[in-house]
Amino acid sequence: MSQNAPRNCLAGYRFCLHGAVVAARPALALYVWAVWTQLSSPPAGMGVSLESVTFGFGPARPAGSALFHPLSVIHENSCCAFIIFIGLLLEALLFHFWAFATNSLQGRPSSFAVHLLRFLFLFVVFWSALCVPLPRFWRDPNEDFSVLKRLRNGVWCTTYTHPVDADLIIKQFHTAGYGHKDYRHMGFPMPFRTCDDFCPTFLLLVHQVCIYAQMASQRRIVAHFATSKHISEIVEIDVPNRRIMQRKAKKRMLDECSPDLQSQLETLGHDLEAKRFHMDDAHASNWMWVQDAQSAAWHVVAIDGELYSQLEYWIAFNIIRNVDQRNVGILPLPGCHRCWHWMDGNRLSMKQVVEGRYWWPTASDRQASSGTGACHDAFEARGGRAALSSKELQLFQLYDQKALECSSNQCKVFGKCDLIVRIAN
């Protein structure tokens, strides 16, 4: 045993050094790929000068034949192929680690426990490499529109006025480190959870997957909901630079009301079900009113939000439910059973818009001042909550309960005990 000890120790050192290189290489390759996805160049027209009113890609239209546009057709109908690709890539990577762990010392039999320890060592090195903050040197594509009026700076995108057409807006999706930077609310086992001047490769990959879902949703809207009255029209898409031109809605949800609001949401829910999609991120700030030019009637339109296939929705639901520490639940919208509102912050809900009644509690003080919205009178004229079905009433009450839970959770987890949470009385 004493004679073999030096040789075993040397073999262990060799495995550790070689294994560290083997495990770090895929992480470095993923970083290079993720950086490449963040690179963008100014468009030939709109971003450089205001003489052109196009991104140079022509009007947004479905891809057409799968023979000539296979990737576009996949984007438009389902990202399942992309998810399966990621799964196969991860499986191949883990299989590579296991093969290296079991065959690293040829001719020297080892137990399963030793193989497992080697495999875990490789995986820990790989994960550690993904968690190391690396420099962010890609540019901010919003610089292309610095001369335009900024309408709204969101988590995943910024919207601007169109330089020529007042009925259009420009929406630029962020590259990593310029929009959503703080991932501390996500329960990832990593020491650095911010993506700013330095960004861990893992957060780069998370950002890229989220933006992929955003751009796939834009394609799906063009392919399946181009004539929908309840999803804002997309005029042009620039996929390489992650930007779109979109039809502008006129009024915020709190500024107008239509008596048939829930019926309109039901119509959209049926349309989504017919196309087998779910709409995520459906809080009230992602909806607006548009007035019909002929009838002067107001109809509600979704101006943002992701369209998920059934498999994508199931994966997103389970990941967010188990990882996002802010989230206390997900609820369907009144009327639209395929539209979902995450209860993860103080964002106005469509339930509040439908009811038109609000109060503002905090986690430390349940007393609140009340207020009314544009739909209050119409809702009360129909009988208020007393006229709701038992299923609808249960949903309204669940919104109230989850909003209070969200407020308490913000106080408990993040110390934001003065956070205002808007819920209906």
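**Exercise 1.** In this predicted model, find the handedness of the C336–C339 disulfide from the torsion about its S-S bond.

*Solution.* Start with the pair: C336 and C339 are joined, S to S 2.1 Å. The torsion about the S-S bond is about 60 degrees, so this disulfide is right-handed. Next, check accessibility. C336 is buried, at 0% relative accessible area. C339 is buried too, also at 0%.

**Exercise 2.** How many disulfides does a search of the whole structure find? Work through the other links.

*Solution.* The search finds three. One joins C195 to C199, with S to S 2.0 Å. Its torsion is -105 degrees, a left-handed link. Another joins C257 to C375, with S to S 2.0 Å. Here the torsion is 110 degrees, and the link is right-handed. C257 sits in the loop between β8 and α6, and C375 in the loop between β16 and α9, so the pair ties together parts 118 residues apart in sequence.

**Exercise 3.** Is C257 buried or exposed? Is P259 buried or exposed?

*Solution.* Buried requires under 20% relative accessible area, exposed over 50%. C257 has 17%, so it is buried. P259 has 64%, so it is exposed. P259 lies in the loop between β8 and α6.

**Exercise 4.** Which residues cover each face of strand β11?

*Solution.* Take one side: W298, V300 and A302. Take the other: H299 and V301. Five of the five residues are buried, so β11 is largely enclosed by the rest of the structure. Five bridges join β10 to β11, and the two run antiparallel.

Methods: Residues numbered from 1 in each chain as written. Predicted model: local features only at pLDDT ≥ 70, side-chain atom pairs only at ≥ 80, totals over all residues. Heavy atoms only, no water. Helix = DSSP H or I, 4+ residues; strand = E, 2+ residues; numbered from the N terminus. Buried < 20%, exposed > 50% of the residue type's maximum accessible area, 1.4 Å probe, protein only. Pairing = 2+ DSSP bridges. Disulfide = S-S within 2.5 Å.
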